[in-house]
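Subject: Structure for your review

Dear colleague,

Please find below the structure that I am handing over to you. My notes on what was found in it follow.

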Amino acid sequence: MITLNRRSDITLQAFESVAWRGDGVTLSNEALDRIATARAAFLRLIEDPAVTVYGVTSGYGGRAGIRLRPEERKAHAAVPNHGTAVTFGEPFPKRVIRGFVLARLANFIEGHAAARPKLAQAIGDMLGQGSLPEVPSLGNSGAGEILALGHLFAELGVKVGLEEKEHLALINGSPCSAALIADAALAARRRIEIAKEIFALAAEAFKAPREAYDAALDGLWNDPAESEALQAMRDLMAGGVDQRRPYQAPVTFRIVPRILGRAIRARDAAAHAAN
């Protein structure tokens, strides 16, 4: 179980624990107090007749210019339109959907969603359930990620009972994109380690000369990602046969550090973006 207090607690390591390993989350009392304070401030704000918050103090679309009375606001919030019928295809993997839920909490945990603590807790509790709603992987186009998030949080909204702004807090933003890049970063980390081993095994089986992976290239190329690839090839081929081919290996083997370097740079960029 991971305790979340601030957005900075949702690291790539925490994402791996929750999305990939199935750990649950709980929100700290400090976080819940912060969420409650932000919610109270928002409710005071929307009582100001000079303030318009689209979809909260007004209707949607053609009704955006209509100011809702307090009782109309509550009725409007309680009957959201999720608009999920147009998505289709195989659902995202379970680990990815868990990642969507965790990334959604990033908008709630410091009060930015202006929702009730009850709703934030309910989102966190979803990660302790045996199953989650399926989210179709195709057709999620349109305004932001409303369609995918509508699938994910429709049942929760009915269960908790939504109040002003909370429907928008569930379906707006881009937690799916954040979760997908985090998932890609974790997958890339593992796959690149496997790729290093495969390339080294192939080079060793071919008895490729080791000069293509020499330590002198680290300084000449001056690229941390390619240096990591060169070091991996040297380490994995250490202890191999001394009798190598007396001529240079085909380009396929000589470009391995460059190609691996590109993949390593992509891995690191994905991890940076996810964090």
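Among contacts in the chain between residues at least 6 apart in sequence, 75% join residues at least 24 apart. Please bear in mind throughout that this is a predicted model.

Overall form

The chain contains 12 helices and four strands. Its radius of gyration is 25 Å, whereas a compact globule of 275 residues would have a value near 19 Å. Taken along the principal axes, the box filled by the C-alpha atoms is roughly 85 × 40 × 40 Å. Of the 275 residues, 44% are buried. The accessible surface amounts to about 14,200 Å², and carbon and sulfur atoms account for 56% of that area. As to charge, there are 33 positive and 31 negative side chains, and the centres of these two sets are 2 Å apart.

Aromatic pairs

The structure holds three aromatic pairs. One of them is formed by Tyr54 and Tyr60, with ring centres 5.7 Å apart; because the planes stand at 65°, the pair is edge-to-face. Tyr54 has a relative accessibility of 46% and so counts as partly exposed. Tyr60, with a relative accessible area of 32%, is likewise partly exposed.

Another pair joins Phe206 and Phe253, whose ring centres are separated by 4.8 Å; the planes lie at 20°, so this pair is stacked. Phe206 belongs to helix α8 (residues 175–206) and Phe253 to helix α11 (residues 251–254), and the pair therefore ties together parts that are 47 residues apart in sequence. Phe253 is buried, because its relative accessible area is 15%.

Arg73 and its contacts

Arg73 is placed in helix α3 (residues 70–78). With a relative accessible area of 5%, Arg73 is buried. Which residues does Arg73 contact, leaving aside its neighbours within four places in sequence? They are Ile46, Glu47, Val56, Thr57, Leu68 and Glu164.

Ala184 and Lys159 are 25 residues apart along the chain, and their C-alpha atoms are separated by 32 Å.

Positive phi values

Ala114, a residue other than glycine, has a positive phi near 55°. Ala114 is located in the loop between α4 (94–108) and α5 (117–126). Its relative accessible area is 8%, and Ala114 is therefore buried.

Asn222 also has a positive phi, near 50°, and is a residue other than glycine. The loop between α9 (216–221) and α10 (224–237) is where Asn222 is found. Where Ala114 is buried, Asn222 counts as exposed, because its relative accessibility is 66% and the cut-off for an exposed residue is over 50%.

Yours sincerely

Notes
Residues numbered from 1 in each chain as written. Predicted model: local features only at pLDDT ≥ 70, side-chain atom pairs only at ≥ 80, totals over all residues. Heavy atoms only, no water. Helix = DSSP H or I, 4+ residues; strand = E, 2+ residues; numbered from the N terminus. Rg over C-alpha atoms; globule rule 2.2 N^0.38 Å. Buried < 20%, exposed > 50% of the residue type's maximum accessible area, 1.4 Å probe, protein only. Contact = heavy atoms within 4.5 Å. Areas by Shrake-Rupley, 256 points an atom, 1.4 Å probe, with all protein chains shown as cover. Lys, Arg positive; Asp, Glu negative; His and termini not counted. Charge placed at Lys NZ, Arg CZ, Asp CG, Glu CD. Phe/Tyr/Trp six-rings, centres within 6.5 Å; stacked < 30°, edge-to-face > 60°.
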